[in-house]
Amino acid sequence: MSTDIAHEEHHHGPPKGIGRWLFSTNHKDIGTMYLVFALTMLFVGGASAMYIRAELFMPGVQFMEPDFYNNMVTNHALIMVFAVVMPAAAGLANWMIPMMIGAPDMALPRLNNLSFWLLPAAAVMLILSTVVPFLPGGGSAINTGWTLYPPLSIQTGMAMDFAIFTVHILGVSSILASINIVVTILNMRAPGMTLFKMPMFCWAWLFTGLLLIIIAPVLAGGVTMLLFDRHFGTSFFDAAGGGDPVLFQHLFWFFGHPEVYVLLLPSIGVLAMIIPTFARKPLFGYNSLVGGMAILFTLGLVAWAHHQYTVGMAAGPTTWFMIITILISIPVGLMLLNFMMTMWRGAMTFETPMLFAVAIVLMFSFAGVTGIMLAVVPADLEYHDSMFVVAHFHYALIPGALMGLLAAAFYWLPKWTGNMYDERLGKIFFWWNVISFNITFFPQHFYGLAGMPRRIVDYNPAFADLNMISSLGAFAYGLSHLLFLYIVIKTVRGGVKAGNKPWEGAQIGTPGLEWDLSSPPPFHSFTTPPVVK
Amino acid sequence: MKSIKNKIAGLAGMAGLLLSSEVIAKSKYNLPEPADPIVQQIFDVHMVTSAIATIIMIIVTLIIVYSLIVHRKDKGYVADQNFHKSWFGRWAWLLVPLIVLGIDFSIAKTAHKTMETIYDEHPESDMTVKIIGSQWKWSYEYMDSGIKLTSNLNRDLTPKDEFYLRDVDQPLILPVNTKIRLLHTTTDVLHNWWVPQIAYKVDAIPGYITETRTEILKEGTYRGQCAENCGTGHAFMPIVVKAVSKDEFAKWQEEQVAAAAAAAAEASSDKEWTMEELFAKGKEHYNKTCVACHQANGEGVPGVFPALKGSAKATGDVKVHIQTVLNGVSGTAMAAWKDQLNDLEIAAIITYERNAWGNNTGDVVQPKQVAAER
């Protein structure tokens, strides 16, 4: 033991200067970089959403060409999915998983460095794709939406090539990060930390990582075929050359549907940490939650074509995809029940993370029931590509992914920084954020039903009243994140000291090794493995 | 406890009342009123699933709200550390999926009958209309009578008008109480012909012919728009269907067939057209067919659609110009027009393009020159 301590004091502080970040192999530093990157991109993606809502504030084309509008729609989706939620979840995994399982660091630290530093490169490519159409000879903007459906994506100018390379780089980055996390979870657990003692966040990321390793190559293949169709005379997706435009849709959604769970599962894991803490009572149904995630993983891989009920598939496959999609309500229902029953007969207090958790359970349930409505084929043949769909997936992805990540930030900021965040500001942020979110997206269900398609720059005045409410809500919602930024900066700079375990109930029903470490934790988490009883 | 039970019963009753009421069914914020038997079935499925969704949400909300009110530390409630080991905790993993499965089953059963109708492989039909989506307009072909229509956005309306972006120069005319087969395809990218009151959606996909059906029950005007992102003009390709009585439709059909025959005769006649005639005709057709991309002022959209004003093609060799319009330019949004426009229309458009906006070439292109290039 004594040699270990001497060894640590000897040369194991963080290196100085920019090298600490550029060449970092430390899971906490890389985790921090992931989180800072995600937070930065949240404002970029958010700015494009603000533009979208400003344009839709009233009928008429007010600001830019229609192509720029759909370019913003595309960027908003690509940024939020690939550059905000996924990196933020990877940042949490980097920070928390080694501490939770009692490991000194991630299993593959250099790979970790590479998978982070690919992200800024991809972000630059994506920003270039927006800039290029404004340059002479740059061609047209990406007006396809994030699904990049051909033949429209074949018509687009060279901006599309930038987007395709962005997807390639991001795909490589997330495959590497996933391999690292899966390997860490399977190999680096402390003695006694069996799989079924792991904190639920680790389970959630285990499934997320495995999913990503399966699906990301399919998207990469799909967009590569698109690139070949665009430049090298192949006809994978060109009917005139014997190809099939629908094939791309299948490739895209084989990736795209499980991707939804890639975005959701880490936040489900976060909720499974937060709710027991503030209900002061063990997680209800640990095994059934793990089983539920396994079922979700499996069903999620074979449900993809419910995004394309309108491509004219035969009755057989359509029925299959409908039944599988409806069955997804079982694991999701089980998860929500477990969360509700963890709260039930608990001794709850309502700090900011818990407020978010309760709101998420409610709003995500709502996304679940509109999801079942959409799964029913005949009804979807009316809902498809309307604003109803937009409302549904924002209810799924904002509470289900983004708000879960915000809750995680509040929950773990005291651990990361050693300082408590400002609880009063946190609560103001919560109410501001959640109320304006609902004002933004709740009305979209109704003007979707009334007949407003998605991805249109201009609309009939019949949809004007609710669109205006939506836009006002969106501006308030967008602005609320500045308060979040302020709270984070304030907490990083100082504040009331948080103890090792700032939350009374943090270790109930889980080994909670992360709470045994100091706040902030030492540069290397566990140099000797702790023993879990 | 009793008061809570009463409240739950009251709320559930209110929700049921709300959902069953005509107010919701006919609301401007619900799916529009169906005017076709299949759409009516879809509408009914939608109302049932919405009701189930609402009831589930009410139950979930009540459980959470009750828990939030009662199970609080500041009310001195002590956490039940063994709740997950109670009989419910031990069997919830089985009980809850069974309940959810039951709900799922009832939803699937609701949809089943409508699915069978929609996926009927040999439906009866009295007439067939082929609907062709193009960037950014709709063309209709009545397969039985050979009538062809082209339907463009009415560009005269402003955002203040009731039918802004929902009005066209030439609506699709259909008879009521007739089983109509609708075939969908496209000349360029994906489109989706969506008129929610009379037909459910199906994509128009290059290389495919997809199919829907309609049997309009009531005379009137039905409006919709393209629902699958088709690029720059996606928001600007509305659909208007005018449903008329069978007699009126038969009469309209006769007129159209006669007019089409007259137009064809005119186009293939040996008449030498004057500059003025062709320019006027060309302006009319340009503003229907070409204006969405190349714009009324001929300047196009920089970086997206090329300008014709002062362009090399519109002022250079006539044959190249004719070829471009006939066969399109592969790999770009410029479509081939040879099947959609007759010789006279193409000659007129080219004459217009070569003499408008300061392109003063003085060229007069006759229909037979176009015919020679075909």
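**View 1. Helix 9 of chain B, exposed face.** The face of helix 9 of chain B turned away from its buried side carries two exposed residues, Lys319(B) and Val320(B). The model shown here, and in every view, is predicted.

**View 2. Helix 9 of chain B, buried face.** Helix 9 covers residues 318-327 of chain B, and His321(B), Ile322(B) and Val325(B) are buried in it. Looking down the axis of helix 9 of chain B, the buried residues fall within an arc of 95°, so they line one face of the helix. Their cover includes helix 8 (312-315), helix 10 (343-355) and helix 11 (367-373) of chain B.

**View 3. Just after helix 9 of chain B.** Gly328(B) follows the helix directly. Its phi is positive, about 75°.

**View 4. Domains 1 and 2 of chain B.** The domain assignment gives chain B domain 1 (2-118), domain 2 (127-261) and domain 3 (270-373). The centres of domain 1 and domain 2 of chain B, taken over C-alpha atoms, are 38 Å apart. In chain B, 10 residues of domain 1 are in contact with 12 residues of domain 2. On the domain 1 side of this contact, 8 residues are nonpolar, none is polar and 2 are charged.

**View 5. Chain B against chain A.** Each chain puts 79 residues into the contact. On the chain B side, helix 3 (37-70), helix 4 (87-118) and strand 9 (220-226) each supply at least two residues. Helix 3 of chain B gives the most, with 15 residues. By class, the chain B side has 45 nonpolar, 23 polar and 11 charged residues.

Conventions
Residues are numbered from 1 along each chain as its sequence is written. Chains are lettered from A and ligands numbered from 1 in the order in which they are written. This is a predicted model: local features need pLDDT of at least 70, side-chain atom pairs count only at pLDDT 80 or more; totals for chains, interfaces and linings use all residues. Domain bounds come from an automatic or database domain assignment. Two residues are in contact if their C-beta atoms, placed from the backbone, lie within 7 Å. Ala, Val, Leu, Ile, Met, Phe, Trp, Tyr, Cys and Pro count as nonpolar, Asp, Glu, Lys and Arg as charged, and the others, Gly among them, as polar. Helices (H or I, at least four residues) and strands (E, at least two) are DSSP runs, numbered from the N terminus. A residue is buried if 20 or more other C-beta atoms lie within 10 Å of its own, exposed if 12 or fewer, and partly exposed in between; C-beta atoms are placed from the backbone. The arc is that of the directions from the helix axis to the C-beta atoms.
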